Amino acid sequence: SSLYRIDGWGAPYFIANSSGNISVRPHGSETLPHQEIDLLKIVKKVTDPKSSGGLGLQLPLIVRFPDVLKNRLECLQSAFDFAIQSQGYNSHYQGVYPVKCNQDRFVVEDIVKFGSPFRFGLEAGSKPEILLAMSCLCKGNPDAFLVCNGFKDAEYISLALLGRKLALNTMIVLEQEEELDLVIDLSQKMNVRPVIGLRAKLRTKHAGHFGSTSGEKGKFGLTTTQIVRVVRKLSQSGMLDCLQLLHFHIGSQIPSTALLSGGVAEAAQLYCELVRLGAHMKVIDIGGGLGIDYDGSKSGESDLSVAYTLEEYAQAVVASVRFVCDRRSVKHPVICSESGRAIVSHHSVLIFEAVSAVKPMAHHANPDDIQFLLDGEEARAKYEDLYAAVMRGDHESCLLYVDQLKQGCVEGFKDGVLSIEQLASVDGLCEWVLNAIGAADPVQTYNINLSVFTSIPDLWGIDQLFPIVPIHKLDQRPGARGILSDLTCDSDGKIDKFIGGETSLPLHELDNNGGGGGRYFLGMFLGGAYEEALGGVHNLFGGPSVVRVSQSDGPHSFAVTRAVPGQSSADVLRAVQHEPELMFQTLKHRAEEVMQTKGGSDEGEEEEDDDEFNNVAACLDRSFHNMPYLAT
Ligand code: PLP
């Protein structure tokens, strides 16, 4: 297992067991030996239609482990609880899970359920996300935060305000100054007192790939000038008490606690300034960024690793907030974080199969086959040069002559002078020479039953690497090295970079090439965050609308011959296993409950309540049926 660094990136959830297979330890370091689950057994069970309970599923396969999710949440919470206790911090930690990391219904529902004892909440960044977060949180802890980030239009803000009507703890985080007018206007119209947060653009900049959202020129958040204007406007509208949260996010996969502490301290200063300006501040939301050690190096030297543990991360955050607030004599805020990657990365494993392998060419050189080379003067000279270089053991010249001989023969083939058999013989000879001098490429291409674009989009999009390991045969020395080539008809559909800076992976020879029938399964680990979500519908913005336009008679005239609307919020929610009809009912039911408890008994008030209920239902209905994009 050391070949694949499993101990580095896998701990405490993945280990190589005594049968040479990978086992999952669903409760992390708390897992007892009899609780370990052998991945190969899962694959056999779910793929075999004959075994009892077998489902006959096809690969590729995502195996989810809810217990891992539970363990991650609990570890994060206890890391903060411990830091808070040991540093004498006078408030608590209350995190949220950004649903964009993986919006799968069962992932989100599990997080709400497992996090309920410690008020763990959700973060949403688009209209379908807020719909799903509201409906999931109806079953969660009533104090859990629902942090509403992202670009917002009137419909998004109405939904967030409606959340408060439904007794959900929604907080509208302003990402752009223009959003404030909508919030003020709609909250008055809807008669809701909002809880408002600000996303600040920090000067602290994360230099890695995931840090492009940070710094003064970052994509999101308010500058200091804008923050000052927002405070003034809230004050003028008599709503400064609604401003209660300060948020920032300097990027995912923060490499070191030094950078983290810098960002948190800067934000804590801003927090204290907002307190000084009269806002009723309660929460500092430090965004995401808690990183994962994909390569097991713990070096923090690239986007693939981070140089801290969960515990060190929590200690650094608490220390920075405490230091700044104490110096300014400001009451310690509730600390919220929006860790996505760190919560969901480990909980699923993508399993796929290598179906065949293309070996480097067979290397033999039969003198009869290359006799023709001796017949032509030019070819003969090249052949003799090569032969002499081989005899001298002059590798550099060998490479040069192999190249020249090949080129010459390809020209000959193109001119119709050489036959395909002759060209094949020359290729065979060259391969033989390269092998003889140890310069042949021994790397095989393993064809895998997977689409990299669908299942590991970040690998193609941003060169992100994930640990990839055979899930069995780890007690046998791999006899080959390989790169992986996927099923798609696209040259980018391959994996030829691996953790540890390797350009090929140690792999076992396939039995099935010789008809042996043995299957070879590989697992991709730590891809539970973003990979499913990106491969599907990022942030749950579905596909665009599509129209078909043809030219028709008359100058500059055309006809729209087909118009297909883009996916609605309900459509994209269905794609991640939610049931929009059920969600709609849940939310309507919640509205009924809330309105009954506060309900008026007079006839006039009852009518008002009916109107109110109908408005809520209509707003929800619209939001499910419209597209998730901003309504402009
Ligand atoms: N919060 C915001 C605003 C984000 O943009 C992101 C993602 O980049 C996250 C939270 C989640 O970050 P991470 O997965 O690094 O925890």
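This is a predicted model: local features need pLDDT of at least 70, side-chain atom pairs count only at pLDDT 80 or more; totals for chains, interfaces and linings use all residues.
Student: At what angle do helix H5 and helix H20 pack?

Tutor: Two packed helices are described by the angle between their axes and the distance between the axes. Here H5 (residues 127–137) and H20 (residues 580–598) pack at about 60°, with their axes 9 Å apart. H5 is therefore oblique to H20. Helices (H or I, at least four residues) and strands (E, at least two) are DSSP runs, numbered from the N terminus. Axes are lines fitted to C-alpha atoms, for helices over the stretch in contact, and angles run from 0 to 180 degrees between N-to-C directions. Angles under 35 degrees count as roughly parallel, over 145 as roughly antiparallel, 65 to 115 as roughly perpendicular and the rest as oblique.

Student: Which residues in H5 and H20 meet?

Tutor: Leu131, Leu132, Met134 and Ser135 in H5 meet Met583, Thr586 and Leu587 in H20 (contact: C-beta atoms, placed from the backbone, within 7 Å).

Student: In what order do the strands of the open sheet stand?

Tutor: Strands of a sheet pair through backbone hydrogen bonds, either parallel or antiparallel. This open sheet of three strands has the order E1-E2-E3, with antiparallel pairing (at least two DSSP bridges between two strands). E1 (14–16) and E3 (37–38) are edge strands with a single partner strand each, so one side of each lacks a neighbour in the sheet. Three bridges join E1 to E2 (residues 22–24); phenylalanine 14 has valine 24 in E2 as its bridge partner.

Key:
Residues are numbered from 1 along each chain as its sequence is written. Two residues are in contact if their C-beta atoms, placed from the backbone, lie within 7 Å.
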